[in-house]
Amino acid sequence: MKEVWIQTISGKRVDLPTPKPEQIDINDIAYALSMKCRFNGQCSRFYSVAEHSMRVSWLLPSGLELAGLLHDTNEAYLPDIPRPVKELIPDYKRVENLMEEAINNKYGVSTNEEDKRIIKRADNVMLATEARDLMGDTTDWGLTEIPLLRPIKPLPIDVARWMFLKAFESYTKGGHHV
């Protein structure tokens with residue numbers, strides 16, 4: 001089988017679709033997510049996946065913040081494919097799940113079905129807020145969550161990266177997870 005891998009900003013090689021925890025680096029994740037724009041770049045202002053992930057983590061109860069912060073980290077290594085397109089590519093979800101598993105193993109994240117439901121709800125609250133503030137008319141999206149009251153004012157890339165790393169450090173108590 002042909003090797004399939006990507007090289008990260010730190011120079012690490014990450015095997016696709018068989019990523020290993022030792023190939024994962026939180027600095028590579030923060031860098032990539034801060035450089036990726038939500039909504040496939042189709043929003044009114046640049047708004048990074050790193051900032052989105054932080055905002056999701058802020059909505060979660062104690063103990064789930066790290067899982068919330070890392071919920072989209074596979075996008076650091078894989079292209080961000082909008083939800084409607086993912087439904088058309090069944091094998092993509094399998095590759096995403098393998099990447100998510102490697103990242104969660106690296107950082108000691110374990111979630112049950114109830115945890116995943118809580119994280120998904122927070123993700124959907126942020127989606128509703130982002131849709132209102134960054135996307136214009138989203139009446140056909142079928143959003144069910146109520147957006148947050150405070151509007152989003154997107155952060156600059158370097159600030160989002162720094163804040164993502166600070167949140168990670170806070171949630172892992174500066175532990176050995178780097």
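Helices (H or I, at least four residues) and strands (E, at least two) are DSSP runs, numbered from the N terminus. With that in hand, welcome to this predicted model, where local features need pLDDT of at least 70 and side-chain atom pairs count only at pLDDT 80 or more, while totals for chains, interfaces and linings use all residues. Residues are numbered from 1 along each chain as its sequence is written, and side-chain values use heavy atoms, with hydrogens and water left out.

**Charged pairs**

Side chains of opposite charge can pair when their charged atoms come close. Here a salt bridge is a side-chain nitrogen of Lys or Arg within 4 Å of a carboxyl oxygen of Asp or Glu, and the structure holds 12 of them.

| Pair | N to O distance |
|---|---|
| Asp15 and Lys20 | 3.1 Å |
| Arg55 and Glu51 | 2.9 Å |
| Lys166 and Glu169 | 3.6 Å |

Asp15 is buried at 17%, whereas Lys20 is partly exposed at 33%. Arg55 and Glu51 are both buried; they lie 4 residues apart in helix α2 (residues 49-58), about one turn of the helix. Lys166 and Glu169 sit 3 residues apart in helix α7 (residues 157-171), again about one helical turn. Lys166 is partly exposed at 39%, and Glu169 is partly exposed at 40%. An α-helix has 3.6 residues a turn, so residues three or four places apart point the same way. Elsewhere, Lys86, Lys93 and Glu96 are linked in a network of salt bridges.

**The nonpolar core**

A nonpolar core is a set of buried Ala, Val, Leu, Ile, Met, Phe, Trp, Tyr and Cys residues joined through side-chain atoms within 4.5 Å. The largest one has 43 residues, and Ile29, Tyr77, Met99, Tyr107 and Phe164 touch the most other members. At least two residues of this core come from each of α1 (26-35), α2, α3 (65-69), α5 (90-107), α6 (113-134) and α7. Leaving aside residues up to four places away in sequence, Phe164 touches residues including Ile26, Ile29, Leu33, Met54 and Leu69, where contact means heavy atoms within 4.5 Å.

**A look at α6**

The 22 residues of α6 should span 32 Å at 1.5 Å a residue, and its end C-alpha atoms are 30 Å apart, which agrees; the expected span is 1.5 Å times one less than the number of residues. After α6 comes Gly136, whose phi is positive, near 75 degrees.

Terms used
Buried means under 20% relative accessible area, exposed over 50%, partly exposed in between (1.4 Å probe, protein chains only).
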